[in-house]
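Got the sequence and the fold open side by side?

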Amino acid sequence: MAAAEPAGSLVAAVLAHSGRLDKEDLGTRIGRLSRRVEELKGEVCNMINKKYNEFLPSMQSAEELVSQVDGLSSNIDLLRAGIENEVQRDLNVAVAEFTELKQQLERDTLVLSILKKLQEFDTAIKEYNTALLEKKYVAAAQQLEKARSNLKMLESRKGFELKILKALSTELTVQTQNMLYHLGEEWQKLTVWKLPPSKESSSLESVMQSELHLCTVPSKEEEIAGPPVASVLQAFAVLGELHTKLKTFGQLLLKLILKPLISYPSLRPLVEEQSDVVILRFKSEEPNLDHSSPVEVFDKTKLVLEVLHKYLLNVPLEECVEDKKECKVTLSELLGDMIWEELSDCLIRNCLVNSIPTNSSKLEEYVEVIKSTEEFEKALKSMQFLKGDTTDLLKYARNVNSHFANKKCQDVIVAARKLMTSEIHNTVKITPDSSVALPRLPDPGAGDHLKTQKTSKLVHSEVVNLENETKLSQYTFSLPTCRISSSVEKLMELAYQTLLEATASTDQCCIQLFYSVRNIFQLFYDVVPTYHKENLQKLPQLAAIHHNNCMYIAHHLLTLGHQFRYRLTSILCDGTATFVDMVPGFRRLGMECFLAQMRVQKGEILERLSSARNFSNMDDEENYCAANRAIRQVLHQLKRLGKVWQDVLPVNVYCKAMGTLLNTALTEIVTRITALEDISAEDADRLYSLCRTMVEEGPQVFTPLPEEDKNKKYQEEVPVYVQKWMTFKELMIILQANLQEIVDQWADGKGPLAAEFSPAEVKSLIRALFQNTERRAAALAKIK
């Protein structure tokens, strides 16, 4: 069928093409094609037969193979059934037997190892007892540790517990405590402390009674076992108790020997060597200074440690450790690790701190202290008390410049605060000639001097002298004469001396000292007004002194930085070395305190004048007495203030202050009188009398100087300081004048009366003094 399809296609193709052929050839061609088709069919059938003949043997061999596979498969099924039924059963039995045998072997091995460890534990305990009887403490301790390790291994066996282990643990604990007891007994024989009877062991008397006895010769029995010190201490190390013993010993050593030697300059260690013991005790000598020098303290401490190293602590621990690197460790090193930090801290606080110089000129001498510190540490390292390179003790000694600056700054602040909290009323007189006692500072660089000199010559030679003939006084910029607290004068001297000290110090120290001086003034600004607040509010004299103190400090702060500018470190020479920024604050501080006191005094004056009953109805004797009493009280208050502030405030400040207070009184009196609506003739006379009292006695309150004859000048200048003085005198004139005199005093608004009173005030006084008449009306008409 497959071959027919191409033939059909071929026929179709031929028929399709036949349209182009002639009808005559069509039959011929169809016949030929039919024959060709038949030929092709024959070829195809032959080919198919050939392929079938070749495929048939292969098919037959494949069928044979299939039959063989089926046979093998049936055999396999038979074998599997046999294995599952017989072999698997035998295998399970064998595995179970093997597992049981394995478990039994493990149990037997475990029992064997436990029995072996029990045997080793028993052997170790026996050897321990033997060694302990022979006083071979190290061997005994090692056997105890071996027994302990065996017991730990037995206890670590999980799921296998023996009741005997608890008994073994108890036995081991008992034997360990027994061993520690024997070692403790031996240790007490080797080191014997004799303590004072009293519990207070810090006093010098009790310290003198403390002794340490070190046994040096072992008994005949102990000579066989080796040096007793090494044996006992190494045994402690094996048992892990050495650290505790040494810590206790170290604390006693610090408390009873080393710290007292550092704290008490009079104590000296005394070593007494006898045949079988070395005794370490103290002797007392009269100290030269309040604090021992570091060199002496180091020598005393080194002597004590040398004795301990020689007779007690020079013991290696190679028998109690297995690592070869640890064999070099000695008891000296262990004790040093325990006590060095506390010992060095005590040496710093009680020795080196006190040795820091208080003056920069003594810093060079401190090299000896640094050298002795290095030698002290070197000696301790040779005895193996110390290890490493540099300790805090040596670092502290070498950092002397920083400690000097810190100590100096601290001392300066403490001294300044003490001065600030001292009494203000202890005063000294300051005059324009006064100056802080300070060595003369060198001039700035020579280059500046030459340049100035050269410029000066040029000016003199080429320029006409334009200098004003009138010269300022040498006291123009000086502080006026006044009184300040002696503590403030000392405070300023402290500031100058500290800055002078800074000029000779290192850069870092210079900066610290400079800012310490600034801190002094900042501390004054914060502390004094608070600490003395109550007295400054209640006592006028202290307020005036505080005002002067602040002005005195501000006056010096203006030039303080400039005076030292070229002598301080270069870091501070760029304009930062100044105190000018603090000047306004100090001036404001002084002014606010004094003005607050002025307000208090003004309040008291006004309160006293308020009892004058408004100066009305002076014809009433009671009213007149009340007004007169008020005037007298005000004058008494002003005179008292004048005495209190006398020779304290600068003259100009004194006069302004007294003038302001007197002006307050006069202004209040004028206001009260001008407010009266009716003043009789008798009232006017009595008011005039009261005013005359003020005018006569008012100037007498101006007594700025102790010398009476020198005060007349200021009493005559009262109108300069009392603004309402002329107003008050014009009021007195009005009280005694007639209408025409008042009009004349007014002088069409050009007279002295018009200069002090307004037209309304004058008209009010005229209406109060005079009855309503035509003359009064005419006078009133002229007041305009």
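**The overall picture**

Keep in mind from the start that this is a predicted model. The protein chain has 784 residues, and buried ones make up 39% of them. Its secondary structure comes to 29 helices and six strands. How far along the sequence do the contacts reach? Taking contacts between residues at least 6 apart in sequence, 76% of them join residues at least 24 apart.

The average pLDDT of the protein chain is 81, and 84% of the residues score at least 70. Where pLDDT is low, the predicted coordinates should not be read in detail.

**Cysteines**

How many disulfides does a search of the whole structure find? The count is zero. Take Cys351: its closest cysteine sulfur belongs to Cys346 and sits 9.0 Å away, which is too far for a bond because a disulfide needs the two sulfurs within 2.5 Å. Cys351 is buried, at a relative accessible area of 1%. Cys625, on the other hand, is partly exposed, at 36%.

**Cavities**

The search of the whole structure turns up three cavities of 30 Å³ or more. The largest cavity has a volume of about 80 Å³. Its lining is made up of 13 residues, and those nearest the centre are Leu419, Met420, Ser487, Val488 and Phe524. Which elements give two or more residues to that lining? They are helix H13 (400–420), helix H15 (486–503) and helix H16 (507–531). H15 gives the most, with three residues. Sorted by class, the lining of the largest cavity holds seven nonpolar, five polar and one charged residues.

**Residues that reach across the sequence**

| Pair | Apart in sequence | C-alpha to C-alpha |
|---|---|---|
| Ile424 and Asn549 | 125 residues | 9.4 Å |
| Val271 and Leu303 | 32 residues | 8.8 Å |
| Phe121 and Ala147 | 26 residues | 4.7 Å |

Ile424 is found in the loop between H13 and strand S5 (427–430). Is Ile424 buried or exposed? It counts as buried, with 6% relative accessibility. Setting aside residues up to four places away in sequence, Ile424 touches Ser485, His532, Leu536, Leu542, Ile545 and Asn549.

Val271 belongs to strand S3 (residues 267–273). At 29% relative accessibility, Val271 is partly exposed. Its contacts, leaving out neighbours within four places in sequence, are Val278, Ile279, Leu280, Leu303 and Val307.

Phe121 is part of helix H2 (residues 23–133), and Phe121 is buried at 3% relative accessibility. Once neighbours within four places in sequence are left aside, Phe121 is in contact with Ala147, Asn150, Leu151, Leu168 and Leu172.

**A backbone detail**

Which loop holds Ala747? Look between helix H26 (739–746) and helix H27 (752–756). The phi of Ala747 is near 55°, a positive value in a residue other than glycine. Asp748 lies in the loop between H26 and H27 as well, and Asp748 too has a positive phi of about 55° without being a glycine. As for accessibility, Ala747 is partly exposed at 33%, whereas Asp748 is exposed, with a relative accessible area of 66%.

Note on methods
Residues are numbered from 1 along each chain as its sequence is written. This is a predicted model: local features need pLDDT of at least 70, side-chain atom pairs count only at pLDDT 80 or more; totals for chains, interfaces and linings use all residues. Side-chain values use heavy atoms; hydrogens and water are left out. Buried means under 20% relative accessible area, exposed over 50%, partly exposed in between (1.4 Å probe, protein chains only). pLDDT is the predictor's confidence in each residue, from 0 to 100. On a 1 Å grid over the protein atoms alone, a cavity is a set of points where a 1.4 Å probe fits but cannot get out, and a pocket is an open set with protein on both sides within 12 Å along at least five of seven lines; lining residues have an atom within 4 Å of a point. Grid points are joined across faces, edges and corners, and a volume is the space filled by probe spheres set on the points. Helices (H or I, at least four residues) and strands (E, at least two) are DSSP runs, numbered from the N terminus. Ala, Val, Leu, Ile, Met, Phe, Trp, Tyr, Cys and Pro count as nonpolar, Asp, Glu, Lys and Arg as charged, and the others, Gly among them, as polar. Contact means heavy atoms within 4.5 Å.
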